[in-house]
Amino acid sequence: MSRAVEPDLVERLLDGEHRALARAITKIESQSPGYRDIVSELHAHTGNASVVGITGSPGAGKSTLVDKLAKHYRDQGETVGVIAVDPSSPYTGGAVLGDRIRMASNVGDMDVFFRSMSARGQLGGLSTATADAVKALDAFGKDRIIIETVGAGQNEVDVVKTADTVVVLVQPGSGDDVQMLKAGILEIGDLFVVNKADMEGASRTVAELQEMIHLRDDPRANLDTGHHGAEAFDDAGHGHGGHGDHADTGETETDADAEGDPSDADEPPVWTPQVLETVATTGEGIDELVETLDDHRDYLDASGELAEKARKRAGEEIRQLLRSDVNRLLEAELDRRGGVDAFAEAVVEKETDPYAVAEDVLEPLRECLDDRDD
């Protein structure tokens with residue numbers, strides 16, 4: 001493997017040079033020679049940033065919400081990195097919206113690093129380059145990293161592989177969006193945010209989301225529309241479900257169960273997805289959103305799920321890289337043998353069949369691996 005063209009690039013990035021960070025991410029996105037060496041050297045310096053994924057349908061106000069979140073964190077003295085994964089151009093593969101101004105509240109602030117990247121047609125709008133760019137921002141020392149995804153249908157589920165906390169934005173009265181959540185996206189959300197909550201239908205959308213979450217976690221659960229967020233799980237690590245206390249007893253079911261069975265105190269914390277309301281254009285609800293994001297981070301730490309997420313991400317990354325590299329090796333082997341079209345023609349002419357072709361092409365790889373085992 002060729003080494004990085006700029007041997008001091010990683011050192012300058014780790015020293016806090018924004019130009020080096022930008023150049024490293026450019027190399028990562030374009031997969032320039034040596035980009036893997038850059039990511040490998042950065043790996044030991046990662047694991048400190050809090051990574052949040054913001055996803056949802058187009059028009060839900062993701063960019064405005066990200067802008068306000070970044071400003072809030074800056075006001076707290078924290079540094080922020082934002083990766084906006086845009087739709088890929090069908091002609092160039094580049095980010096169609098890459099040049100738009102999206103961080104109006106943070107223009108000129110060097111401690112807010114914004115980068116628009118192409119989805120490159122990857123499932124979920126997140127390419128391998130995006131995950132590597134997160135590592136670069138993390139190693140650089142960014143306290144908070146926000147990933148804003150394309151938000152195009154079911155593909156959003158891939159955001160889970162990169163973010164610690166996933167926020168799903170929904171517009172008020174967006175019945176189609178809520179129905180879409182039932183098809184699978186509901187499973188990825190740690191927080192659900194009804195943005196543009198000053199619009200008609202916001203309360204109904206909140207109620208629909210709460211009902212869906214309760215039915216997912218417990219078909220017998222009762223609805224309650226109390227406070228969301230700060231009481232997501234109590235000091236003993238028991239989840240409140242983010243929907244306040246029961247009206248009759250003043251206790252959640254989890255609290256009552258804990259008192260009835262002392263052994264429950266040893267159970268790990270439980271998180272029920274929260275439903276919040278925001279008006280991103282005015283900043284309304286941002287404080288509560290940040291508080292709830294911090295609550296979820298605390299839950300991840302207390303439950304051990306943060307480490308488990310990291311292990312799962314590492315495992316999936318290894319698999320993805322192996323699939324990618326092996327595919328390239330096999331494509332090269334196919335070309336060496338005359339190309340896939342020649343094999344396809346032989347299959348059509350009944351001279352062979354697809355299984356036999358696959359077996360034949362893979363045989364050298366199998367023999368190599370078998371020899372190493374011996």
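The questions below look at charged side chains in a predicted model.

In this predicted model, local features need pLDDT of at least 70 and side-chain atom pairs count only at pLDDT 80 or more, while totals for chains, interfaces and linings use all residues. Residues are numbered from 1 along each chain as its sequence is written, and side-chain values use heavy atoms, with hydrogens and water left out.

Q: How many salt bridges does the structure hold?
A: Side chains of opposite charge can pair when their charged atoms come close. A salt bridge is counted here when a side-chain nitrogen of Lys or Arg lies within 4 Å of a carboxyl oxygen of Asp or Glu. By that rule, the number of salt bridges in the structure is 19.

Q: Which residue forms a salt bridge with D294?
A: D294 belongs to helix α9 (residues 286–303), and its partner, 150 residues apart from it, belongs to strand β4 (residues 144–148); helices (H or I, at least four residues) and strands (E, at least two) are DSSP runs, numbered from the N terminus. The closest N and O atoms of the pair are 3.2 Å apart. The partner of D294 is R144.

Q: Is R144 buried or exposed?
A: The word buried means under 20% relative accessible area, exposed means over 50%, and partly exposed lies in between (1.4 Å probe, protein chains only). D294, at 26%, is partly exposed. R144 has a relative accessible area of 11%, and therefore R144 is buried.

Q: What separates R311 and E308 in helix α10?
A: These two side chains form a salt bridge whose closest N and O atoms are 2.9 Å apart. R311 is exposed at 51% relative accessibility, whereas E308 is partly exposed at 31%. Because R311 and E308 are 3 residues apart in helix α10 (residues 305–336), what separates them is about one helical turn.

Q: Where does D370 lie?
A: With a relative accessible area of 44%, D370 is partly exposed. The helix that holds D370 covers residues 354–373, and its name is α12.
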